[in-house]
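This briefing covers charged side chains and their pairings. The sequence and structure come first, then the points by topic.

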Amino acid sequence: MLFIIVQRRFYLEASKCVSSRKFYITMFVCLAALLAFDRFTKYLAVVYLKDTAGITLIDGVLRLTYLENRGAAFGMLQGMQPVFWILTVAFLILAAWFFRKVPKTRRYLPLNICVLFLVSGAIGNFIDRIINKYVVDFIYFEIIDFPIFNVADIYVSLSVVALVLLLLFYYKEGEFSFLSSKKKRKDDE
């Protein structure tokens with residue numbers, strides 16, 4: 001749904017650019033909405049799931065159960081919070097650089113949305129790591145015994161899958177020349 005809202009907001013010709021100000025305001029509002037939803041779901045998990053046996057939504061398939069994850073994805077690297085802080089800050093700097101470089105056209109909108117979801121997920125879990133020293137996880141797929149995760153993890157996972165699909169099937173090889181640090185010379189045009 002967010003994709004549709006952002007796409008309508010930036011309904012542009014493939015070559016027409018939206019103003020940077022409009023782009024950044026829209027991205028900031030979307031980021032705030034995604035973070036608010038992640039924070040709200042984690043708040044609900046703490047209030048209604050902590051110190052309980054959890055809630056079964058679909059018997060044998062899907063449960064909501066509270067977990068304090070002090071590691072990375074799937075509980076790896078337990079207790080290494082400073083490493084996660086450094087990696088998250090480095091990723092956010094890289095994402096800010098990327099947002100600045102990518103053309104503000106309809107063609108690159110799916111790419112911008114994927115990066116927006118990646119940033120939302122990274123910040124959502126980063127907030128937990130700073131405030132709590134752990135990440136609140138609460139969604140558990142029993143049927144496949146998948147590690148317990150949260151909404152921010154969904155943002156990251158789905159955006160990574162979407163990025164791979166975009167890079168394989170949507171964008172062509174030369175469409176990322178804007179990332180090059182070399183300026184295009186006028187006589188090359």
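A salt bridge is a side-chain nitrogen of Lys or Arg within 4 Å of a carboxyl oxygen of Asp or Glu. By this rule the structure has 6 salt bridges. It is a predicted model, in which local features need pLDDT of at least 70 and side-chain atom pairs count only at pLDDT 80 or more, while totals for chains, interfaces and linings use all residues. Residues are numbered from 1 along each chain as its sequence is written, and side-chain values use heavy atoms, with hydrogens and water left out.

- Asp128 and Arg39 pair through their side chains at 2.4 Å, N to O.
- This pair links distant parts of the chain, 89 residues apart: Asp128 is in helix H4 (residues 109–132) and Arg39 in helix H2. Helices (H or I, at least four residues) and strands (E, at least two) are DSSP runs, numbered from the N terminus.
- Asp128 is buried, at 0% relative accessible area, whereas Arg39 is partly exposed, at 28%. Buried means under 20%, exposed over 50% and partly exposed in between (1.4 Å probe, protein chains only).
- Lys42 forms a salt bridge with Asp38, with the closest N and O atoms 3.0 Å apart.
- Lys42 is buried at 2% relative accessibility, and Asp38 is buried at 0%.

Buried Asp137

- Asp137 lies in strand S3 (residues 135–141).
- Asp137 is buried yet has no salt bridge, and Lys42, the nearest side chain of opposite charge, is 6.4 Å away.

Technical notes. Lys, Arg positive; Asp, Glu negative; His and termini not counted.
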